[in-house]
Amino acid sequence: MVMARAPWVSSRLGPAHHDPSPLAPACCRRTQRAVQRQGSAKPVRPPWELEQRAQEVRMRAAVTNVDPAAPPVEVREVPPPSPAPGWVTVRLQRAALNRLDAMLLAARTEEKPDTVYGADGAGLVHEVGPPVAGHDTDVAPGDRVIICPSLHWGEDEQAPGASYEILGSPTDGTHAELVAVPAANVHRVPAHLSWEEAAALPLAGLTAWRALVTRGRLKGGETVVVGAASSGVGSMAVQLAHAHGARVAAVTSGPAKAAAASALGADAVVDRSRGAVAEQLRALVPEGADLALDPTGALWQPFVDALRPGGRLVAVGKMASATAELRVQSVYWKQVDVLGSSMGSPRDFRDLLRHVEEHRWAPLVDSVFGLGDVAAAYARLDADDRIGKVVLDTTR
Ligand SMILES: NC(=O)c1ccc[n+]([C@@H]2O[C@H](COP(=O)([O-])OP(=O)(O)OC[C@H]3O[C@@H](n4cnc5c(N)ncnc54)[C@H](OP(=O)(O)O)[C@@H]3O)[C@@H](O)[C@H]2O)c1
């Protein structure tokens, strides 16, 4: 365990100085006399200097405004986090946006003010907090790390416990220069990933991994249908299913996204903007798919219809529809499993990283914005032609 000193504290403030001259402020002279009386070499900072230090030691972060008349999110200077026992702080190099951030932003008036969103990030370990008995960590300042966004999952692999949360709300997230997370949540960055790719991976990759592999029991040689193939979750699901040795039928919208899905490894592509998704899938996969992943909520019925008898449907999202309708007989007659999946456990995250390293795939990055352009990054998330992840460069 290594205790790091915040380099920007010493470099920006310089050594403590005490001006004993008669022209110095009275509080400074009083402090100096007290130090001399005690014969202590330890510098005592006068109150005005402590106040100055508090003002200077700040970081830039994208914080929310709960006032509906104000811009929803803006970059401000805020106090940086410091690591609690068993936690670390990470100086972020890049962060990424998810649909979750946009959903939280839309409901921000119900949240605490000045929240810092962001579940995805990668950067350099900055400070390591005091050790906690029984929780060894080999993380040291300067390590290149990627952050697992599942906080406090608990002991049960089947589902998270009551303390579970996703980094970014209520715990302040990665859309900032620094973030504090449990030491157990940081992992070495797979060596072939750029900072952009590393920051794009965690939430969507973890969701795709658990949905397809842990919950969906995907095996090499199987056929899988992936909805919203241009989305963060969908694009990574196509990549990891392909790397897993599965045959992939991707569902997306428009020729550019169809071409991108093929480039990511889809063997066949359905353009949902042409309608008749079930018929298009039946033509492409006449024997029926083994597994189908719907991140939208709008594709349950065509996906169940596209499954073989005994197939599995995994639902992870409700972006297009919060309720799904199914012909009941289409589920029971074919002995279909309808499965729910959300995020993933620490074990899922480690397995995902191993898979990424072994198969050397990298998330598709659509665009990179400076932290100061966070509003433009949110706008890009909603653009019709966006393919893959929107990333924030938190160093600018
Ligand atoms: N449960 C979890 O743990 C978890 C974790 C992550 C995400 N999610 C959910 O998964 C979904 C995807 O998240 P994300 O961050 O990857 O989203 P995203 O990148 O913002 O996805 C946007 C894409 O969704 C597709 N889409 C939009 N409207 C649609 C409609 N009416 N019908 C079909 N597809 C539509 C489009 O893809 P195409 O043009 O390619 O069809 C669109 O480009 C969201 O619902 C999100 O809430 C859940």
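These are my notes from looking through this predicted model.

**Ground rules**

I number residues from 1 along each chain, as its sequence is written. Since the model is predicted, local features need pLDDT of at least 70 and side-chain atom pairs count only at pLDDT 80 or more, while totals for chains, interfaces and linings use all residues.

**Whole chain**

I started with the overall make-up and got 13 helices and 17 strands for the protein chain. Helices (H or I, at least four residues) and strands (E, at least two) are DSSP runs, numbered from the N terminus. Next I checked burial: 45% of the 396 residues count as buried. Buried is 20 or more other C-beta atoms within 10 Å of a residue's own, exposed is 12 or fewer, and partly exposed is in between, with C-beta atoms placed from the backbone. Then I looked at contacts, meaning C-beta atoms, placed from the backbone, within 7 Å. Of the contacts with a separation of 6 or more, 67% are between residues 24 or more positions apart.

**Around the ligand**

Which residues come nearest to the ligand? I found Ser231, Gly232, Gly317, Met319 and Ala320, out of 28 residues around it. A residue counts as near if its C-beta atom, placed from the backbone, lies within 6 Å. Two or more shell residues come from each of α4 (99-106), α6 (202-215) and α7 (232-243). By type, I noted 13 nonpolar, eleven polar and four charged residues in the shell. Here Ala, Val, Leu, Ile, Met, Phe, Trp, Tyr, Cys and Pro are nonpolar, Asp, Glu, Lys and Arg are charged, and the others, Gly among them, are polar. The ligand lies between domain 2 (59-201 + 367-393) and domain 3 (204-340), because both give residues to its shell. Those domain bounds come from an automatic or database domain assignment.

**The largest nonpolar core**

I then turned to the largest nonpolar core, where Val224 and Val226 touch the most other members among 104 residues. Such a core is a set of buried Ala, Val, Leu, Ile, Met, Phe, Trp, Tyr and Cys residues joined through C-beta atoms within 7 Å. α6 gives the most to this core, with seven residues. Domains 2 and 3 both contribute residues, so this core lies between them.

I looked at β4 (residues 120-128) and found eight of its nine residues buried, so β4 is largely enclosed by the rest of the structure. β3 (residues 87-96) pairs with β4 in the antiparallel sense over eight bridges. Pairing needs at least two DSSP bridges between the strands. β4 also pairs antiparallel with β5 (residues 144-147), over three bridges, and Ala122 has Ile146 as its bridge partner in β5. What are the bridge partners of Arg91? In β4 I found Leu124, and in β8 Leu178. Five bridges join β3 to β8, antiparallel again.

**Two loop residues**

His152 sits in the loop between β6 (150-151) and β7 (165-166). I class His152 as partly exposed because 14 other C-beta atoms lie within 10 Å. Leaving aside neighbours within four places, I found His152 in contact with Ser163, Tyr164 and Glu165.

Is Pro68 buried or exposed? I count Pro68 as exposed, with 8 C-beta neighbours inside 10 Å. Pro68 lies in the loop between β1 (59-64) and β2 (73-78). C-alpha to C-alpha, Pro68 and Thr109 are 7.1 Å apart in space and 41 residues apart in sequence.

Key. Two residues are in contact if their C-beta atoms, placed from the backbone, lie within 7 Å.
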